[in-house]
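Me: I'm new to this one. Can you walk me through it?
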Amino acid sequence: MMTTREYKNTGDQISLLGFGCMRLPKIDPEKSDIDKEKAQEMIDYAYAHGVNYYDTAYPYHEGKSELFIGEALKKYPRESFHLVSKNPVWLVEKPEDAVNFLHEQLKKCQTEYFDFYLCHALNHDRLEMIKKHHIFESLQKEKEAGRIKHLGFSFHGTIEMLEEIVNAYDWDFAQIQLNYYDWDMQNAKREYEILTEHGLPVVIMEPVRGGALNTLCPQGIEMLKKADPNATPASWALRFAASLPNVLTVLSGMTAMEHVKDNVATMDDFKPLTDAERELLFQVAEVYKQSKTVPCTGCRYCMDCPAGVDIPAVFKIYNNYAVTENKAQFLADYEALGESKQAHNCVACRKCCSQCPQSIEIPERMKEIEALAKKLKG
């Protein structure tokens with residue numbers, strides 16, 4: 001039976017596994033079109049096994065995610081699930097825009113209200129936009145009108161910014177990136193503590209770091225298999241996030257039915273990590289850090305690149321090589337990417353850097369990958 005957590009002593013039960021709709025299966029890996037048949041099967045399986053939290057956003061799948069999830073869930077009683085979306089505050093140019101986006105999203109999702117609604121991916125600049133255009137006040141009125149049940153924010157920024165955002169408004173909840181790799185690397189521990197101290201339930205995104213903590217590196221996988229031969233690396237990562245008591249739900253951006261089944265099994269009759277298991281994961285994180293991968297989650301916030309580089313795809317190909325050291329595979333994948341999308345096209349404009357939630361020095365890493373490609377070809 002799916003484990004649930006209660007939202008703020010309201011009696012409202014939220015499934016510990018949330019279905020993230022940013023990485024739904026696609027018809028063509030190079031395009032945003034969703035494979036609706038496969039995705040519907042995944043949604044139906046998740047719903048049948050107790051998942052009741054479905055998280056989408058305005059830009060996911062270039063706007064198609066909201067349309068899909070609205071259609072996919074309409075067969076079920078509206079009160080039986082929690083529908084979540086996010087306001088694209090970076091597109092707001094005047095106060096009424098925030099409300100217009102909300103109403104557009106409600107229509108796309110075929111619903112009269114969102115159970116949880118967030119100001120999307122806040123940082124310093126986006127907080128200034130919220131203040132300038134009175135976005136929180138506008139959305140608060142929509143909440144009072146019943147079109148939003150709980151108003152929160154998702155976050156990508158510094159610890160100091162998180163403190164400022166939390167104190168700026170009377171938020172209901174917050175969403176942060178948290179996993180055992182970022183616990184110390186990106187100070188996710190302190191972010192979790194700040195939100196807990198302010199009484200804000202925490203929604204977790206990127207618990208498997210865009211799938212990176214599922215592939216890991218050979219030594220890391222061996223360490224986990226030795227501890228539990230039957231558990232997948234992804235299930236370890238989900239358990240780390242879900243073991244924190246102030247976590248309301250853990251989002252997983254699932255792209256295949258096998259992911260759904262594994263994640264559902266992990267959250268059924270959930271077993272928190274023991275102290276020994278938690279320490280093991282920190283040891284695995286140290287081993288993984290030494291494998292020289294780029295900490296890219298594939299979120300695509302860096303895209304589109306003005307120079308045409310497919311930044312997430314380049315990093316994915318590189319990370320696979322960093323883990324496997326398979327030169328032939330790297331060259332095959334890199335060539336298949338296409339010359340126009342490869343690292344050497346980077347002009348170091350740094351537009352991508354300000355958008356990267358992981359604070360990756362993208363132009364520098366592109367230079368490294370360009371050099372690696374030349375070396376391996378030579």
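This is a predicted model: local features need pLDDT of at least 70, side-chain atom pairs count only at pLDDT 80 or more; totals for chains, interfaces and linings use all residues.

Me: Okay, what is V247 in contact with, leaving aside its neighbours within four places in sequence?
Reply: R5, L16, Y192, V202, I204 and A241.

Me: Where is V247 found?
Reply: In strand β10, which covers residues 247–253.

Me: Is V247 buried or exposed?
Reply: Buried. Its relative accessibility is 1%, and buried means under 20%.

Me: How far apart are the C-alpha atoms of V247 and K289?
Reply: They are separated by 25 Å. Along the chain, the two are 42 residues apart.

Me: Back to β10. Which strands run in the barrel?
Reply: The order is β3-β4-β5-β6-β7-β8-β9-β10. That makes a closed barrel of eight strands, with parallel pairing. On average, neighbouring strands of this sheet are turned by 30 degrees against each other, direction ignored.

Me: Which strands does helix α8 touch?
Reply: Helix α8, residues 188–197, packs on the sheet and touches β7, β8, β9 and β10. Its direction makes about 175 degrees with that of β8.

Me: And how many bridges join β9 to β10?
Reply: Three, and the two strands run parallel. I204 stands opposite V250 in β10.

Me: New topic: α16. How many residues does it have?
Reply: Helix α16 has 16 residues, 362–377. From first C-alpha to last it reaches 22 Å, close to the 22 Å expected.

Me: Which residues are buried in α16?
Reply: Among them are I362, M366, I369 and L376. What covers the buried residues of α16 includes α14 and α15.

How values were computed. Residues are numbered from 1 along each chain as its sequence is written. Side-chain values use heavy atoms; hydrogens and water are left out. Helices (H or I, at least four residues) and strands (E, at least two) are DSSP runs, numbered from the N terminus. Buried means under 20% relative accessible area, exposed over 50%, partly exposed in between (1.4 Å probe, protein chains only). Contact means heavy atoms within 4.5 Å. The expected span of a helix is 1.5 Å times one less than its number of residues. Two strands pair if DSSP finds at least two bridges between them. Axes are lines fitted to C-alpha atoms, for helices over the stretch in contact, and angles run from 0 to 180 degrees between N-to-C directions.
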